[in-house]
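Here is a short report to read alongside the structure. Keep the 3D view open as you go.

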Amino acid sequence: MSDTTKKPSKEPPPGMVEKRGASLWLNHAIMIFGVLIVFFPIWLAFVASTVTQPEIVRPPMPLWPGDQFFTNYKKALFSGVNVPVATMLFNSLVMAIGIAVGKIIISLLSAFAIVYFRFPGKMIFFWLIFLTLMLPVEVRIVPTYEVIAGFGMLNSYGGLIFPLIASATATFLFRQFYMTVPDELAEAARVDGARPMRFFWDILFPMSRTNIAALFVILFIYGWNQYLWPLLITTDPEMNTIVMGIKQMFPSGDDVADWPVIMAASILAMIPPVIVVISMQKLFIRGLVDSEK
Amino acid sequence: MEKRVTFKGWILPLCLIAPQVFISAVFFFYPAGQAIWQSLFIPDPFGLSMQYVGLGNFKFLLSDPFYRASFLTTAVFSTLVTLVSMIPALFLAVVADRLIKGAGVYRTLLIWPYAVAPAIAGVLWLFMFNTRVGIVSWYLGNLGYDWNHVLNGGEAMGLVVVASAWGRISYNFLFFFAALQAVPKSVVEAAAIDGAHFWRRFFTIILPLLSPTTFFLLVVNIVYAFFETFGVIHTITSGGPQQSTTILVYKVFSDGFVGQDLGSSAAQSVILLVVVGALTVFQFKFVERRVHY
């Protein structure tokens, strides 16, 4: 499972197991059909975001984009329903980057302490951190909410970010990585009289860059896609994140939802994580495989 | 655990590990402890004081027909989500693996629904099956099938299952595809020379070799269905109709935040904690050691 980036083209020439002709085309047809099925909901949302409300409320809706793209997206971005989508996108960006950067910083440091030092109480700290792997935030929502409320951190970026940093996945990844770093490097640094933090900055940190990038991709998506936690602590619409804010755009009563604007917001909400996944595909797959191991 | 070469001193490592320990303590251990503590109390009707009831909350929950129903709902839901997301993914991965050219392109095309948040996936599927404007429900109506997931519990369950499984197909495809690429071609070709046709090779050689990946994905998908699907349920059904899609995590939320029944919600958190713990132990015991044939 380690080498996911291996390209089929690098393999030896096809043996007798591979099929040609009709069967090959059938396989391509199956794959294209699969891709189309997976894409269909997104296509439909995109079409809905480019037509007028009357075209949607009289089913069936069109299957080809209309000419309202700019009208709908402008309305969504700058006025929205309760709050402009642009505001919610900004909140999501702050939250996602805050979670990714925060988690990476505290884990880089704590993994360094665990791997390269002997100090009293180390095993206790290690197991305390390990335990946090077991419990997702969904399970401890009520008491965590009370903690945040007690600190007066409702409707704040700190309240959105900190509780989601408290997990040890990243610490364990860096610990595993540090263990593979040759002992000679630390030995040499020590002989040269380098202080520990100097060793960390000049040697360990540059060596960890790929791991940091891979982890950043995964954590960014994790943070961006959070739903329950922002739903609880952002009662002020100005602090809503985009992923939770879309549900708030539906009318509460029996009114008809403003589908073109809601669908434009949905498309906008998908774009940042999708761009991250596609543009950093190799890092993404690496991060995914690493963090689930 | 640690390097043979370590740095001296214990103040620096304590400072390095402090941020993570602090955040874990405040946002993880304290709330988790609170959940356990609160689960032993019930608030009086005026919310002024708490009365100690020992394991009363747990006894009540385990005899509560709604809670038992929620357990059953969760079991059905997570089984279906796991199957609906794993079987198509395995099928597509097997087909993609047989292609020499283009497999990488299909992988790129299939990857990115993973980046779509469960809550957004919920909105997309809700749009397609909306009783008033949904295109799929409209066509179903033309075929003489009256789709109404707002009233029909079975249809509601079907919809949240499909919406939850949709993005996971990408994830499972990625892991299955990587595992298939790692199956030694020589073994498969030897079987082909012996005259085993494709499906026979698949069931006798490839599937057993995939078992570590399959077990790993089973656990990961069950954990996903338990916790991360909250957004799907909240956007599509809000647990209804008649609690037919109220999974355990949703019930913690609705009892704790909507119903303000803190003792019961805390007890439910503790039960979920035990479930997650059991799943984690299961994963370490059976998945980490890898199933070898």
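In which helix of chain A does A:Ile262 lie? A:Ile262 lies in helix H14, residues 259-279. Helices here are DSSP runs of H or I with at least four residues, strands are runs of E with at least two, and both are numbered from the N terminus.

A:Ile262 counts as buried because it has 25 C-beta neighbours inside 10 Å. The scale runs as follows: buried means 20 or more other C-beta atoms within 10 Å of the residue's own, exposed means 12 or fewer, and partly exposed lies in between, with C-beta atoms placed from the backbone. Leaving out residues up to four places away in sequence, A:Ile262 touches A:Ile246, A:Met249 and A:Ala257. A contact requires C-beta atoms, placed from the backbone, within 7 Å. A:Val142 is 120 residues from A:Ile262 in sequence and 30 Å away in space, C-alpha to C-alpha.

## Model and numbering

This is a predicted model; local features need pLDDT of at least 70, side-chain atom pairs count only at pLDDT 80 or more, and totals for chains, interfaces and linings use all residues. Residues are numbered from 1 along each chain as its sequence is written, while chains are lettered from A and ligands numbered from 1 in the order in which they are written.

## Chain A overall

Chain A has 15 helices and 0 strands. Of its 293 residues, 45% are buried. Take the contacts in chain A between residues at least 6 apart in sequence: 74% join residues at least 24 apart.

## The contact with chain B

Chain A gives 87 residues to the contact and chain B gives 89. On the chain A side, helix H1 (residues 22-48) supplies the largest share, 12 residues. That side divides into 62 nonpolar, 13 polar and 12 charged residues. Nonpolar covers Ala, Val, Leu, Ile, Met, Phe, Trp, Tyr, Cys and Pro; charged covers Asp, Glu, Lys and Arg; the others, Gly among them, are polar.

How values were computed:
Contact = placed C-beta atoms within 7 Å.
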